[in-house]
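User: Hi! Could you walk me through this model, one question at a time?

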Amino acid sequence: MPREANEIRGYKAALSNRNVSPEAKQHAHARLNELGGGQPHEESYQAGGEGKDPTRVSAGLKAAQHNPRVTEGGKRRAAKKMEADAPEE
């Protein structure tokens, strides 16, 4: 399944790349139809694990609180989410 998912990603990339010839795009479209189009995307996503890594989520929320490009409202939402997701002691 992972090989097929990678193949589908490659064909989808070819379809959206303006440097790919029309003939190659036709071939990519035909192969995508043979492989089932976008269906394996969901399967490969679910095969990745139980969801998002809590450590990475926490790191992203903490980073948002210190990022000068994040609005004050966004920083407050990140802080509230961190508080809500914090383990109870």
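This is a predicted model: local features need pLDDT of at least 70, side-chain atom pairs count only at pLDDT 80 or more; totals for chains, interfaces and linings use all residues.

User: Is Lys12 buried, partly exposed or exposed?
Analyst: Lys12 sits in helix 1, which covers residues 2-16. Buried would require under 20% relative accessible area and exposed over 50%. The relative accessibility of Lys12 is 37%, so Lys12 counts as partly exposed.

User: What distance separates the C-alpha atoms of Lys12 and Arg31?
Analyst: Lys12 belongs to helix 1, and Arg31 is one of the buried residues of helix 2. Along the chain, Lys12 and Arg31 are 19 residues apart, and the separation of their C-alpha atoms is 10.0 Å.

User: Which residues of helix 2 are buried, and what do they line?
Analyst: Helix 2 runs over residues 22-35, and its 14 residues reach 20 Å from the first C-alpha to the last, close to the 20 Å expected. Its buried residues are Ala28, Arg31, Leu32 and Leu35. Viewed down the axis of helix 2, these buried residues fall within an arc of 105°, so what they line is one face of the helix.

User: And which residues are exposed on the other side of helix 2?
Analyst: The buried side of helix 2 holds Ala28, Arg31, Leu32 and Leu35. On the other side, the exposed residues are Pro22, Glu23, Gln26, Asn33 and Glu34.

User: Which residue follows helix 2, and what is its phi near?
Analyst: Helix 2 ends at residue 35. The residue that follows is Gly36, and its phi is positive, near 100°.

User: At what angle do helix 4 and helix 5 pack?
Analyst: Helix 4 spans residues 54-66 and helix 5 spans residues 72-85, with their axes 8 Å apart. Helix 4 passes helix 5 in a left-handed crossing. The angle at which they pack is about 145°.

User: How many residues in the contact of helix 4 with helix 5 are nonpolar?
Analyst: From helix 4, the residues in contact are Ser58, Leu61, Lys62, Ala64 and Gln65, while helix 5 brings Lys75, Ala78, Ala79, Lys81 and Met82. Among these residues, 2 are polar and 3 are charged, and the number that are nonpolar is 5.

User: Last one: what share of the protein chain counts as buried?
Analyst: Here the cut-off for buried is under 20% relative accessible area. Of the 89 residues, the share that counts as buried is 18%.

Notes: Residues are numbered from 1 along each chain as its sequence is written. Side-chain values use heavy atoms; hydrogens and water are left out. Axes are lines fitted to C-alpha atoms, for helices over the stretch in contact, and angles run from 0 to 180 degrees between N-to-C directions. Helices (H or I, at least four residues) and strands (E, at least two) are DSSP runs, numbered from the N terminus. A crossing is left-handed if the near helix is turned anticlockwise from the far one by less than a right angle, and right-handed if clockwise. Contact means heavy atoms within 4.5 Å. Ala, Val, Leu, Ile, Met, Phe, Trp, Tyr, Cys and Pro count as nonpolar, Asp, Glu, Lys and Arg as charged, and the others, Gly among them, as polar. The expected span of a helix is 1.5 Å times one less than its number of residues. Buried means under 20% relative accessible area, exposed over 50%, partly exposed in between (1.4 Å probe, protein chains only). The arc is that of the directions from the helix axis to the C-beta atoms.
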